[in-house]
Amino acid sequence: MKTFATFEELGKAFGLAKRQRKQKPFLCKKCGGEMYHVPQTNIFLCENEKDGKVCGHRVFTARAF
Ligand SMILES: [Zn+2]
């Protein structure tokens, strides 16, 4: 049995070091679809189609990701 001195070591051993934090999908308040995050910004766009039209709803979050 291997013992670990740090959690970092433990993470590496289990291949978790590169695991990304899973973000909750940002859902559109208008159509309920999953919104698209514009990289390096605090903007989410809704590109889901509803009734043959693109929803186009936009949300500004409190912080950039
Ligand atoms: Zn929408």
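Reply: Start with Phe-4: leaving out residues up to four places away in sequence, Phe-4 touches Glu-9, Leu-10 and Ala-13. Two residues are in contact if their C-beta atoms, placed from the backbone, lie within 7 Å. Phe-4 sits in the segment before α1. This is a predicted model: local features need pLDDT of at least 70, side-chain atom pairs count only at pLDDT 80 or more, and totals for chains, interfaces and linings use all residues. Residues are numbered from 1 along each chain as its sequence is written.

Me: Why is Phe-4 called exposed?

Reply: Count the neighbours. A residue is buried if 20 or more other C-beta atoms lie within 10 Å of its own, exposed if 12 or fewer, and partly exposed in between; the C-beta atoms are placed from the backbone. Phe-4 has 12 C-beta neighbours inside 10 Å, so Phe-4 counts as exposed.

Me: What makes Val-54 exposed?

Reply: Val-54 has 12 C-beta neighbours inside 10 Å, so it counts as exposed. Val-54 lies in strand β4. Leaving aside neighbours within four places in sequence, Val-54 is in contact with Glu-47 and Glu-49.

Me: How do you know whether Cys-55 is buried, partly exposed or exposed?

Reply: Cys-55 has 18 C-beta neighbours inside 10 Å, so the label is partly exposed. Cys-55 is in the loop between β4 and β5. Not counting residues up to four places away, Cys-55 touches several residues, including Cys-28, Cys-31 and Cys-46. The C-alpha atoms of Cys-55 and Leu-45 are separated by 9.0 Å, and these residues are ten apart along the chain. In the whole chain of 65 residues, buried residues make up 6%.

Me: Which strands form the open sheet?

Reply: Two strands pair if DSSP finds at least two bridges between them. Three strands form an open sheet in the order β1-β2-β5, with antiparallel pairing. β1 (36-37) and β5 (58-60) are at the edges, each with a single partner strand, so one side of each has no neighbour in the sheet.

Me: How do you know that β2 and β5 pair?

Reply: Three bridges join strand β2 (residues 43-45) to β5, and the two run antiparallel. The definition asks for at least two bridges, so they pair. Phe-44 stands opposite Val-59 in β5.

Me: What is the phi of Gln-40, and where is this residue?

Reply: Gln-40 is not a glycine, yet it has a positive phi of about 65°. Gln-40 is in the loop between β1 and β2. With 8 C-beta neighbours inside 10 Å, Gln-40 counts as exposed. Asp-51 is not a glycine either, and has a positive phi of about 55°. Asp-51 is in the loop between β3 (49-50) and β4. Asp-51 is exposed, with 6 other C-beta atoms within 10 Å.

Me: Where is confidence lowest, and where highest?

Reply: pLDDT is the predictor's confidence in each residue, from 0 to 100. Confidence is lowest in helix α1 (residues 7-13), at a mean of 76, and highest in strand β4 (residues 53-54), at 94. The mean for the chain is 83, and 85% of its residues reach 70 or more. Where pLDDT is low, the predicted coordinates should not be read in detail.

Methods: Helices (H or I, at least four residues) and strands (E, at least two) are DSSP runs, numbered from the N terminus.
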